[in-house]
Amino acid sequence: MTARRLSAAALAAAAIVGAVALPASAADHARPDRPKVEISAVQYDSPGPEDRSRRSLNKEWVELTNTSRHTVNLDGWTLTNRDGRTYTFDHYRLEGRTTVRIHTGEGRDTDSDLYMDRHNYVWDNYSDTATLRNDHGRFIDDASWGGRHHHGGHHHHGGHNR
């Protein structure tokens with residue numbers, strides 16, 4: 001065998017051994033369950049008469065769902081409409097696989113219901129976008145409805161549930 005063939009055979013053998021010895025790629029492993037919070041539903045058109053009563057204001061809401069099994073600290077996160085009206089979460093932790101409803105009006109905050117304490121409607125009945133950002137101002141999710149959708153390269157969740 002010539003030195004050239006011997007060298008080629010050695011390189012081929014090394015390549016096979018190296019390929020077998022390499023760890024599996026990240027795609028072959030299950031990804032860790034990362035915390036993921038999303039806007040899961042929006043009731044932007046308060047059912048019944050829109051008389052700005054506490055009852056009517058609290059029938060307008062946005063739901064956030066933590067789809068992971070890990071608790072997410074929402075302290076400092078914001079929920080904003082297209083006009084810039086903002087609700088900032090204060091000392092709130094969303095448990096894994098749970099949903100919280102953020103009502104427009106006044107009420108006593110619980111684990112499953114938070115209140116913006118506003119005296120006017122926040123979400124436009126015809127066209128608006130609810131945008132969720134984390135405490136660093138980074139985009140997390142949005143939901144749009146109506147004719148003038150905001151498509152700034154972000155996820156369009158869309159629609160509402162009644």
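Buried means under 20% relative accessible area, exposed means over 50%, and partly exposed lies in between, with a 1.4 Å probe and protein chains only. The structure to which these words are applied here is a predicted model, in which local features need pLDDT of at least 70 and side-chain atom pairs count only at pLDDT 80 or more, while totals for chains, interfaces and linings use all residues. Residues are numbered from 1 along each chain as its sequence is written, and side-chain values use heavy atoms, with hydrogens and water left out.

**The whole chain**

Begin with the protein chain coloured by secondary structure, where 2 helices and 10 strands can be found; helices (H or I, at least four residues) and strands (E, at least two) are DSSP runs, numbered from the N terminus. Read from the N terminus on, the elements run α-β-α-β-β-β-β-β-β-β-β-β. Of the 162 residues of the chain, 33% count as buried. Among contacts (heavy atoms within 4.5 Å) between residues at least 6 apart in sequence, 52% join residues at least 24 apart.

**Thr 78**

Now select Thr 78, which belongs to strand β4 (residues 78-80). Is Thr 78 buried or exposed? Thr 78 has a relative accessible area of 16%, and therefore counts as buried. To see what surrounds Thr 78, leave out residues up to four places away in sequence and display its contacts, which are Thr 86, Tyr 87, Thr 88, Phe 89, Thr 131, Leu 132 and Arg 133.

**Two arginines in loops**

Most residues other than glycine have a negative phi. With 48% relative accessibility, Arg 52 counts as partly exposed. Then go to Arg 97, which sits in the loop between β6 (93-94) and β7 (99-103) and has a positive phi of about 55°, although it is not a glycine. Arg 97 counts as exposed because its relative accessibility is 56%.

**The largest pocket**

Finally, turn to the largest pocket, whose volume is about 170 Å³. Which residues are the closest to the centre of the largest pocket? Of the 14 residues that line it, these are Val 122, Trp 123, Asp 124, Asn 125 and Asp 128. A pocket is, on a 1 Å grid over the protein atoms alone, an open set of points where a 1.4 Å probe fits, with protein on both sides within 12 Å along at least five of seven lines, and lining residues have an atom within 4 Å of a point.

Terms used: Grid points are joined across faces, edges and corners, and a volume is the space filled by probe spheres set on the points.
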